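Please keep the sequence and the coordinates at hand while reading.

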Amino acid sequence: MSNDQHVLRPTYTRDPMRSVTPRSVLPEREMEPTSAYQLVHDEVMLDGNARLNVATFVATWMGDEADRLYAEVYDKNMVDKDEYPRTAAVEENCWRILASLWHAPDAESTIGTSTIGSSEACMLGGLAFKRRWQLARRAAGLATDRPNLVMSSAVQVCWEKFCNYFEVEPRYVPLSEEHPCLDGSAIDAYVDENTIGVVAIMGVTYTGMYEPVQEIAAALDALEARTGLDVPIHVDGASGAMIAPFLQTDLAWDFQLERVHSISTSGHKYGLVYPGVGWVVWRTADALPEELIFRVSYLGGDMPTLALNFSRPGAQVLLQYYQFLRLGREGYTAVQQECQDVAMFLAHGIGELDAFDLWNDGSDIPVFAWRLAAGHTGNWNLYHLSDRLRMKGWLVPAYPMPDDLGDITVQRVVVRNGFSRDLANDLLNDIRVETAWLDSLTSPMPAQAQATGFHH
């Protein structure tokens, strides 16, 4: 090949390593395992350091015992419950633990499942909404061709995918400075007889703020009293569903609210497990239409399956159970509290800089965002600061807020387990240094290739 970007030219001494290996065409010959390992290992050396990536919510550290357990069970197929019955039992243990944590009214009458991540969990929650709505409409002799789902314009992209893939009209409630998240104040204008449900977010991806599920439920209660429309809520608790039970124990957001039919979360975010695993639990089994559960004969056994995926790893489910056993309520509380303390420490330090105004302070989930103070400078923006920090290894994203606040750019920090106070001090110092450097400029920085959207 003449184009060097399409080949690997390793400089090791072994014969197979001195030859040219194609990048995107299957090689003709075998390679020694050590050589293949070294090539792949070196391919990713220039990736960012995951521990310094404060853009991602995804867990980057679990500890030696978890790593050893992972290596022992990575070959288990979650769907093959006949071959791996104990792994299947552990999966049920996990979602029942979550059902209890989220105050399901009767542990014996609830139902749940693991998923690849909270995106799949959200889609299952949305599908249950759609199917229940269709069944009720058909029973009443009404049309079922125009379902809609109501949510804020700050929802994670998985909800856009759900509406696209499963032909549901998305109805986005716009955000504003006065209403920075969905709070139920304008919900009457969006809900009608074709509304299959409302999504409430426990930890908006853009900012980390909780949407007030209790206020949204109260608005829907009032709507039902006036119109007879009974609209359920799905709580997208990708992050907050594993924070609120430990840090905001008096907050009403889960199955304590009768209007909440289902809750999803990411095991691989504040569930503290490596990617990818998610969970979804329904308040009662009848909230999930039976026809969405498939009973299949597979590898010698008959088993129910509830998922968009089929074969998928069982290792992360076992790692989730490990964390539940290892940490318990006390340990999860300690870990999440430390994350929140570090987030609020960082937010306070950034808020003290004249250049920035905080959007929130990390007191919901351990995530916060800030923007440039009005009139602070015309010489640089947050994209420039993001680039300066990247030069030091930090990944601190800058991005526009959702459409109705699209003229506002923010930066966001996610504090995860393993992000210590020492690292936070280092990051805060680098932000101070780079902000001072940018403020010292006497002419505008070159225009940045700014983000056109934000993918969570």
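A polar contact is a pair of N or O atoms within 3.5 Å; within protein, one of the two must be able to donate a hydrogen and the other to accept it. In this predicted model, the side chain of Thr 435 reaches the backbone oxygen of Ile 431 at 2.6 Å. Thr 435 belongs to helix α11. With a relative accessibility of 5%, Thr 435 counts as buried, because buried means under 20% relative accessible area. Apart from neighbours within four places in sequence, Thr 435 is in contact with Ala 355, Phe 356, Trp 380 and Leu 385.

Helix α11 (residues 421-439) packs with helix α9 (residues 315-351) at an angle of about 20 degrees, the axes being 10 Å apart. The two helices, α9 and α11, are therefore roughly parallel to each other, since angles under 35 degrees are classed in this way. Their crossing is right-handed. On the side of α9, the contact is made by Asp 341, Val 342, Phe 345, Leu 346, Gly 349 and Ile 350; on the side of α11, Arg 421, Ala 424, Asn 425, Leu 427, Leu 428 and Ile 431 take part. By class, these residues comprise eight nonpolar, two polar and two charged.

The axes of α4 (residues 85-101) and α9 come within 9 Å and cross at roughly 45 degrees, which makes α4 oblique to α9. This crossing of α4 and α9 is left-handed. Residues of α4 in the contact include Val 90, Cys 94, Ile 97 and Leu 101, and they meet a set in α9 that includes Val 317, Leu 318, Tyr 321 and Phe 324. The contact of α4 with α9 has nine nonpolar, three polar and two charged residues.

Most residues other than glycine have a negative phi, and most peptide bonds are trans. His 103, in the loop between α4 and β3 (111-115), has a positive phi of about 60 degrees and is partly exposed, with a relative accessible area of 39%. Leu 272 likewise has a positive phi, near 75 degrees; at 2% relative accessibility, however, Leu 272 counts as buried. Leu 272 is placed in the loop between β8 and β9, and Gly 276 is found in the loop between β8 (260-266) and β9 (278-282). The peptide bond from Pro 275 to Gly 276 is cis, with omega near 0 degrees.

Methods
Residues numbered from 1 in each chain as written. Predicted model: local features only at pLDDT ≥ 70, side-chain atom pairs only at ≥ 80, totals over all residues. Heavy atoms only, no water. Axes fitted to C-alpha atoms, helices over the stretch in contact; angles between N-to-C directions. Helix = DSSP H or I, 4+ residues; strand = E, 2+ residues; numbered from the N terminus. Parallel < 35°, antiparallel > 145°, perpendicular 65-115°, else oblique. Left-handed = near helix turned anticlockwise from the far one by under 90°. Contact = heavy atoms within 4.5 Å. Nonpolar A, V, L, I, M, F, W, Y, C, P; charged D, E, K, R; others polar. Buried < 20%, exposed > 50% of the residue type's maximum accessible area, 1.4 Å probe, protein only.
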